[in-house]
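Biologist: Could you take me through this one, starting with what you mean by the handedness of a helix crossing?

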Amino acid sequence: MLLVRTEKRRRVVAFCCARAAAAGARPGMPAAEAMAVLPTRGERAEGVRVLPARPDREAALLRALAAWCSRLSPLVGLDPPDGLMLDIRGCAQAHGGEERMLHRALSGLAALGFAARTAVAPTFGCAWALSRFAPQPAAIVPENGQRAALAPLPVAALRIEAATREALAELGVTRIGEALALPRGALPARFAPDLLLRIDQALGSAMETILPVREAARIAVERGFDGPTTQAAAIELCTRELLEQLCAQLTAHQRGARRIEITLDRADLEPARLTISLGRPARDPRHLWRLIRPRLERVHLGYGVERIALAAPWTAQLRHEQAERWREAASDAQGRTSAPDASRAADELIDTLANRLGPQRIRTAEPVESHLPERAWMWRPAMESPPRMHAADAPAPTDSDAPAPGERPAVLFFPPRAVHAARLVPGNGDAPVPARLLWNGVEIDHVPAERERIACEWWRSARPERDYLRAADRSGRVLWLAYEPDTGRWFVHGVWA
Amino acid sequence: MLSIVGDLPAAVTPAATASDRLALRAAIEAVECREGAEASPRTARIPTGWPDIDRALGGGLALNSVHEWFGLHESAEASGRVEQGGSGGVEQGGSGGGWLPPLTILLHLAHRATMHRAGLVVWIGARCHPSPPAMPRDLLSRSLFVSCDTRDQRIWAIDLSLRCAGVCAIIADASGLTMAESRRCQLAAAAGAAEGNGGALALLARPSRERAHLSAARTRWLVCPASFNEHGPGWSIDLLRCKGVRPTPEDARRWVVRHEHATGDVYLVPESPARDGAAGQPPQRRTA
């Protein structure tokens, strides 16, 4: 198998499997060349699979492998693109020695379908070199044995850059043993500084650390009952206690929940699942309980609930709040709530409304640039774009092109209401003036001559253009009338109510 | 009143904390409100921006109570509806036939509220959602639009928003509100004003045919279209009820406001229409 990436408009082998490597393919060689050396036809019937390299998926896979390796050691570092570094200091005893640990790692990875090469060494640099360049797939270097183990390996095993490698090759230095024999004092002057650093790291005279991968902790709590219970009070109490535990976990991780899932395992029924979504991360048990309780009350308990589980599958960072007590005291003294409290109260209001009525029913409006009055804004769920608390936060109006708010009616009809027009008489200009317009049985008089023509944007669907005018009916209401010159029809599009 | 005064010594001790004092003050205000006494000057108010009306109200619309606004835009006469083939009503809302809340005036009041206080403006009920192009930008960016299916949901949403400290104005479709629900809203408004950041301006819009219904609102207003001219529509505003204010002659409680298309302002027309004739006479006589 070959994984191919495109590099400077050439297709280059990024990775190859062991069989392809045995046939002569190497990472970095042009894909066409690799295909040529591979025995695709003749003795092998199955051929070669060539797939595009997907760095994001490979990185995700490496991360998943790192999670798997956490059974060997708590400190697993990534070494992209294809390596993992494990700090196994003190871990080998738990696995019965380094040899058995290596064996376990190799057999476990082989069971997952990975052909791995491993090495245990006193330094990360040495282990790196041996795992990639040692002849055997599992090498173990004893304490202080780095120099001897590294000496026969090529200088590429030192993790040095290509330019440094070439400079060493000019001197005829190809093995690490020869590089180590060079006078140390002359190295910084003649080579890039990475050579000395890498030598020191491999030998252990310079520190090297790894950045351990931390798996995102799953924040979840659960509790099982001895037997199924249908007592709503017991279930409520239990859920409330679990919620407090969950919030304590969130606090410990400095996170707030964006979504909480509650699972009630019911006897003889499929589990009941409730999902609470939050517009902003939250971990206040009182607020969350207010959201959960009405949902919990409506769950059909069936023959009884056996287990309750709460989980926060989606969380976001939420720092600790230092001065909560202080703020409470301050708000007591003044009898007023401070601004952050008001903002939090508004968030909680949006959460509560959205969880009961549905997130699509709690909306904010965002102006959109369009001439058509019915397309001049867009609804957005308030959970995603919450409204602002202060006028100062509002964005400055950018488009001076938009009509003034006073020129648009407060009530807009969807779709525009048809108006009964009788006996059109030709007026001045080309627009005919109707003799009589009736809407809801009330006659519209005061039809002014000045009109605002609003045409549909040409790239949208063809809607006939309309002439808009403000007219009043006999009762004094001011209507926003629309006249379509193409069809000759009249509409009421809005009212200044 | 006396029974409360009898309870006072227990609360007013040197050790009484600030929160005790606040609770006491709220209790006294609740009693005063119930007794219909002169509204206390401590009650926060939102000036309407109309000088004569503010004077009549004692500074503006009080924040610790609800205000009902009756729109007269009933979906017209039966004949009109037949002619329209039944499409005369407003489809946005639920049951209750077609009526339009006085949204231009409510928009103006909500905008005044945002100028004086921080917080959200909550529009409850699809019928009460003004069209966003008609809203000033700063008001639009602070607006939350809530749509409800049923009357119960609407009342729940009103109650919840009234108690929320992060809200500065609530404009709600309150059609079909019973006396008990109206009292619930009034209590929620008082509770929100007592514990939150001073309360929110609560404007409940109702169809004018519900004028005869009982309600616990502090003020009730009737809006009728009147005296249109080329600069914009006008409305006559009748203050049908105002608790906590000395009674004034009936014709002194009617004003005319006008919306100016060019500026978007709603301003008070200085001369009173009641004196210069029946230009803005509402088609129906007042009953409440």
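Modeller: A crossing is called right-handed if the near helix is turned clockwise from the far one by less than a right angle, and left-handed if it is turned anticlockwise. With that convention, and bearing in mind that this is a predicted model, α7(B) passes α8(B) in a right-handed crossing.

Biologist: Which residues of α7(B) and α8(B) make the contact?

Modeller: On the α7(B) side the contact is made by Arg151(B), Ile155(B), Trp156(B), Ile158(B), Asp159(B) and Leu162(B), and on the α8(B) side by Glu181(B), Arg184(B), Cys185(B), Ala188(B), Ala189(B) and Gly192(B). Sorted by class, the contact of α7(B) with α8(B) has seven nonpolar, one polar and four charged residues.

Biologist: And at roughly what angle do the axes of α7 and α8 of chain B cross?

Modeller: The axes of helix α7, residues 151–162 of chain B, and helix α8, residues 179–195 of chain B, cross at roughly 20° and come within 8 Å. Angles under 35 degrees count as roughly parallel, and therefore α7(B) and α8(B) are roughly parallel to each other.

Biologist: Let's stay with one of those residues: is Ala189(B) buried or exposed?

Modeller: Ala189(B), which is found in helix α8 of chain B, has 2% relative accessibility and therefore counts as buried, since buried means under 20%.

Biologist: What does Ala189(B) touch, not counting residues up to four places away in sequence?

Modeller: With those left out, Ala189(B) touches Leu63(B), Asn64(B), Ser65(B), Val66(B) and Leu162(B). Leu162(B) is also one of the α7(B) residues in the helix contact described above. Another pair to look at is Ala189(B) and Leu160(B), which are 29 residues apart along the chain and have their C-alpha atoms separated by 9.7 Å.

Biologist: Switching to a loop, where is the place of Ala252(B)?

Modeller: Ala252(B) is in the loop between β11 (232–242) and β12 (254–259) of chain B. Its relative accessibility is 37%, so Ala252(B) counts as partly exposed, the class between 20% and 50%. In sequence Ala252(B) and Ala56(B) are 196 residues apart, while in space they are 9.2 Å apart, C-alpha to C-alpha.

Biologist: How many helices and strands are there in chain B overall?

Modeller: Chain B has eight helices and 13 strands, and buried residues make up 55% of its 288 residues. Of the contacts in chain B with a separation of 6 or more, 68% are accounted for by residues 24 or more positions apart. The accessible surface of chain B comes to about 11600 Å², and 55% of that belongs to carbon and sulfur atoms.

Biologist: What about chain A, then?

Modeller: Chain A has 14 helices and 21 strands, and 40% of its 497 residues are buried. Residues 24 or more positions apart account for 53% of the chain A contacts with a separation of 6 or more. Chain A exposes about 27600 Å², with carbon and sulfur atoms supplying 52% of it.

Biologist: How do α11 and α12 of chain A cross?

Modeller: The axes of helix α11 (residues 232–252) and helix α12 (residues 285–297) of chain A cross at roughly 145° and come within 11 Å, and the crossing of α11(A) and α12(A) is right-handed. Residues in the contact include Leu243(A) and Cys247(A) from α11(A), and Leu288(A), Trp289(A) and Ile292(A) from α12(A). By class, the residues of the contact of α11(A) with α12(A) divide into seven nonpolar, one polar and five charged.

Terms used:
Residues numbered from 1 in each chain as written. Chains lettered and ligands numbered in written order. Predicted model: local features only at pLDDT ≥ 70, side-chain atom pairs only at ≥ 80, totals over all residues. Heavy atoms only, no water. Helix = DSSP H or I, 4+ residues; strand = E, 2+ residues; numbered from the N terminus. Buried < 20%, exposed > 50% of the residue type's maximum accessible area, 1.4 Å probe, protein only. Contact = heavy atoms within 4.5 Å. Areas by Shrake-Rupley, 256 points an atom, 1.4 Å probe, with all protein chains shown as cover. Axes fitted to C-alpha atoms, helices over the stretch in contact; angles between N-to-C directions. Parallel < 35°, antiparallel > 145°, perpendicular 65-115°, else oblique. Nonpolar A, V, L, I, M, F, W, Y, C, P; charged D, E, K, R; others polar.
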